[in-house]
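Work through these exercises with the structure open beside you. Try each task before you read its solution.

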Amino acid sequence: MRPKTAARVMKFFDEPVEFEKQPGIGAPVWRGRAGGGAALQAFAAAVRAAGGRLAALWGSDERPTAGCFRLHAVFGIEAGHAWLALDLPPDLFCPDLSGIFPAANRMQRAARDLVGIDFEGADRRPWLRHGGWPADWHPLRHDIGEPAGFANQVTDYDFVRVGGEGAHEVPVGPIHAGTIEPGHFRFSVVGERVLRLEQRFGYAHKGIERLFAGRAPAEGARLAGRVCGDSTCAYAWAYADAVEAACGASPPPRALGLRALMLERERVANHLGDLGARGNDASLAFGLAQFSRLREDWLRLNARLFGHRLLMDCIVPGGAALDLDASALSLIVEQCEAVGREVRALRRIYDEHAGLQDRFLTTGVLDMALARELSLSGLAARASGLILDGRAHRQGYTPPPPWATLGVRPASDERGDVAARAAVRFAEVAESLRLLRELAVGLPAGDVRAGLAPAAAGAGLGVVEGWRGEVIVGVALDAEGRLARVHPHDPSWQAWPALERAVLNDIIPDFPLINKSFNLSYSGADL
Amino acid sequence: MSASAALAQFFAIALALALAPLLTGWVNMCRAWLQNRKAPPLLQPYYLLHKLFHKDVVLARGASPLFTFAPYVVFGCMLLACAIIPTLSTDLPFAPAADTIALVGLFGLARLFIALAAMDVGTGFGMLGGRREMLIGFLAEPALLMVIFTTALISQSTSIATIVDTLARGPFAIYPSLAFAGVAFAFVSLAENARVPVDNPATHLELTMIHEAMVLEYSGRHLALIEWAASLKLFAYSCLGLALFFPWGIAGSDSLAGLLPALPALAAKLAAGGALLALVETVNAKLRIFRAPEFLGSAFLFAVLGLLVRLLLENQA
């Protein structure tokens with residue numbers, strides 16, 4: 001299945017679509033062009049039948065370069081990612097993929113709001129458009145101009161109603177009692193029991209994709225690193241991968257080691273914060289206090305060594321923005337050992353705390369079949385028994401450098417409940433600490449940044465296994481080498497609908513615990 | 001009613017008003033220490049009250065007079081409860097006015113009003129909170145009554161002053177029934193005061209709250225009264241528990257000479273009790289809400305056991 005040379009033409013699942021491997025040293029991506037809507041649908045169905053996933057979907061106005069609008073769909077397959085583009089007819093009609101991949105629903109609605117692609121027979125409710133602009137105005141079209149100070153139109157949103165004796169709705173958000181991101185959750189309940197949950201997002205929509213257009217690739221890195229603050233390394237790396245693939249550049253080995261070091265530090269920081277928050281959600285504030293302290297120490301070392309607590313702007317197209325000396329690396333190794341000790345002690349406390357385990361176990365169960373159907377990736381998928389990790393070897397898949405030589409052992413748990421997601425976090429912290437030590441000790445010598453040759457009309461796709469899941473960034477350059485279209489894709493797109501299903505057998509007071517056990521991003525998916 | 005009795009009564013009420021937020025502050029402080037956190041100042045609850053009393057009241061659209069009236073009722077109930085529970089002395093002029101059953105009724109009345117007010121504005125959270133509060137309440141009240149009946153059987157009276165007098169100054173005796181009743185009372189107190197493991201006074205997760213969900217729509221002086229009432233309730237329960245199970249040090253007369261030594265005794269007992277509460281709250285996680293009936297069911301069981309022990313074993317004494 002794996003091609004011998006980079007440029008070899010490939011076919012998957014006996015479908016007529018031809019793929020070519022994307023150049024560069026990022027995660028393996030095959031690019032292809034669907035001959036028509038039917039071919040796209042057939043390919044999607046073949047991916048689904050083979051147990052694959054819909055990884056991302058976006059629309060793009062490519063009239064200046066290709067003379068038409070295009071739909072881009074990225075599928076997760078055994079060998080990596082298959083990136084399929086479909087030229088759309090002038091009426092922008094496109095087949096609906098949500099029947100094959102339920103995860104397509106929200107992405108298609110977003111593509112309709114932003115670009116105006118019409119998916120035949122699909123859910124026609126707006127997703128990102130909350131009445132801030134008219135339905136026939138599509139912000140991502142090149143010729144649309146600046147928004148004309150539209151009056152905000154209050155729009156009704158058609159939530160699915162649940163009827164019957166004693167059933168009623170509890171609306172939650174977008175403004176919450178705590179200081180968190182905005183999102184609306186509409187619960188249909190009987191007593192405390194959740195019959196149905198429907199989410200509505202888009203409150204954090206800020207037009208990031210439009211902001212990318214027309215910028216220089218180097219400038220776009222800053223923006224890409226700010227799509228979702230807790231995953232800034234994953235986004236910056238995925239963006240850098242995409243730009244490097246478009247420009248044909250490859251970063252030096254030391255830069256890749258540094259990037260991996262930063263990504264793992266980001267993963268550990270987030271897992272530490274989440275593990276503490278899990279305790280707090282069950283009112284075990286002791287856990288929050290301990291893990292917050294660990295996370296704070298961790299972030300302070302980030303600030304000291306990298307100049308930024310969350311590591312923003314440290315990964316740039318072409319390499320890394322800074323280098324670490326030997327003393328910095330030894331500080332990292334020391335900290336890994338100290339944190340590892342404390343986390344092991346805290347894990348014992350969590351595991352042996354009867355009250356906490358009673359809250360965690362069998363709460364918010366998401367089984368493997370459902371996780372697969374919803375195209376889930378990352379931590380939530382691994383906690384449901386789907387061992388998907390872009391950093392780890394699996395049959396038919398070789399991870400990109402520097403992971404290939406590190407032998408990453410993906411964590412997994414079959415239970416699919418809150419306890420499983422906590423266990424996966426603990427296991428991943430331990431594994432990341434091991435990786436960090438190996439990376440710090442074995443960091444190759446050399447430059448940390450390669451030059452980025454300007455390229456015209458290139459395109460690239462970057463895929464990085466962030467702490468939450470697979471972060472994907474698609475980049476297209478225009479004829480002058482500026483950014484024509486950038487689409488950052490957060491794993492939360494797929495995981496939010498999974499949350500809707502995971503709460504179904506539970507009661508309303510357990511929702512915060514279940515919700516935060518996923519800890520999904522609003523900003524990253526609202527764009 | 002003599003002038004000194006009136007003075008003692010006034011002193012008891014003033015003491016409750018002044019000390020209740022301090023007790024809350026002390027518990028919060030202990031909680032922070034036990035979690036290895038830097039603690040907020042001991043006087044933080046007073047700052048909060050001061051702030052809230054100086055803020056404007058924002059009323060939900062469609063709020064009825066019941067909504068604005070309820071905080072005063074709740075505050076009044078808790079104040080009255082503090083007035084009839086012997087804190088420093090058992091010689092309280094108000095005590096004959098209400099016995100222990102009336103005390104349980106006072107707590108019930110406050111609960112009724114706050115739950116009604118929660119439902120009054122018609123938000124989903126108010127409904128959830130009100131419903132859960134009534135679930136907790138109807139399970140906690142019988143257990144509390146059973147605890148009180150056990151003590152009432154010992155003293156052959158339902159008057160709190162008489163009960164405490166008997167326990168504190170009667171001939172020395174060991175009552176195994178009180179051990180059971182004490183455990184039951186501790187369980188009920190945790191549930192009634194919205195503490196971990198039944199509720200969490202520090203939570204911001206609106207979907208899990210009980211007490212906090214009911215008062216989400218309150219602001220300004222209304223919220224201040226509710227916060228103060230919550231402190232008073234904790235104070236009342238603490239003092240009731242101390243008076244029933246650790247009555248040593250409570251004065252039998254309302255003379256100054258009797259009251260003065262009672263004050264440090266009370267302060268020491270409250271400090272120890274507050275620290276113990278913080279410990280319980282630190283080592284426990286919150287129960288899944290449908291486990292709360294089991295928790296309160298055990299409380300009721302303990303209380304009934306206490307009553308049976310009293311009736312079957314101690315009656316000959």
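**Exercise 1. The make-up of chain B**

How many helices and how many strands does chain B have?

Solution. Keep in mind that this is a predicted model. Step one: count the elements. Chain B has 11 helices and zero strands. Step two: read along the sequence. The pattern is α-α-α-α-α-α-α-α-α-α-α.

**Exercise 2. The overall form of chain B**

Compare the radius of gyration of chain B with that of a compact globule.

Solution. Start with the length, which is 317 residues. Next, take the box. Along the principal axes, the C-alpha atoms of chain B fill roughly 60 × 45 × 40 Å. Then look at burial: 51% of the 317 residues count as buried. Last, turn to the contacts in chain B with a separation of 6 or more. Residues 24 or more positions apart account for 82% of them.

**Exercise 3. A single residue**

Is I154(B) buried or exposed?

Solution. Locate I154(B) in helix α5 of chain B. Count the C-beta neighbours inside 10 Å: there are 21. A residue needs 20 or more to be buried. I154(B) therefore counts as buried. Now leave out residues up to four places away in sequence. I154(B) then touches T166(B), Y175(B) and R310(B). I154(B) and L167(B) are 13 residues apart along the chain, and their C-alpha atoms are separated by 8.3 Å.

**Exercise 4. The largest nonpolar core**

Which residues touch the most other members of the largest nonpolar core?

Solution. The core has 273 residues. L84(A), A238(A), Y239(A), V475(A), A143(B) and A184(B) touch the most other members. Next, ask which element gives the most. Helix α9 (residues 220–245) of chain B does, with 17 residues. Chain A takes part as well: domain 1 (9–119) and domain 2 (208–516) each supply at least three residues. Now zoom in on A184(B), leaving aside its neighbours within four places in sequence. A184(B) is in contact with A143(B), M146(B), V147(B), A299(B), F302(B), A303(B) and G306(B).

**Exercise 5. Where parts meet**

Describe the contact between the two domains of chain A, then the contact between the chains.

Solution. Begin with the domain assignment of chain A: domain 1 (9–119) and domain 2 (208–516). Their centres, taken over C-alpha atoms, are separated by 25 Å. The contact takes 30 residues from domain 1 and 34 residues from domain 2. On the domain 1 side, β4 (53–62) is among the elements that give two or more residues. β4(A) gives the most to that side, with six residues. By class, the domain 1 side divides into 17 nonpolar, 10 polar and three charged. Now go to the chains. Here 23 residues of chain B are in contact with 26 residues of chain A. The chain B side has 10 nonpolar, nine polar and four charged residues.

How values were computed: Residues are numbered from 1 along each chain as its sequence is written. Chains are lettered from A and ligands numbered from 1 in the order in which they are written. This is a predicted model: local features need pLDDT of at least 70, side-chain atom pairs count only at pLDDT 80 or more; totals for chains, interfaces and linings use all residues. Two residues are in contact if their C-beta atoms, placed from the backbone, lie within 7 Å. Ala, Val, Leu, Ile, Met, Phe, Trp, Tyr, Cys and Pro count as nonpolar, Asp, Glu, Lys and Arg as charged, and the others, Gly among them, as polar. A nonpolar core is a set of buried Ala, Val, Leu, Ile, Met, Phe, Trp, Tyr and Cys residues joined through C-beta atoms within 7 Å. A residue is buried if 20 or more other C-beta atoms lie within 10 Å of its own, exposed if 12 or fewer, and partly exposed in between; C-beta atoms are placed from the backbone. Helices (H or I, at least four residues) and strands (E, at least two) are DSSP runs, numbered from the N terminus. Domain bounds come from an automatic or database domain assignment. The radius of gyration is taken over C-alpha atoms; the globule rule is 2.2 Å times the number of residues to the power 0.38.
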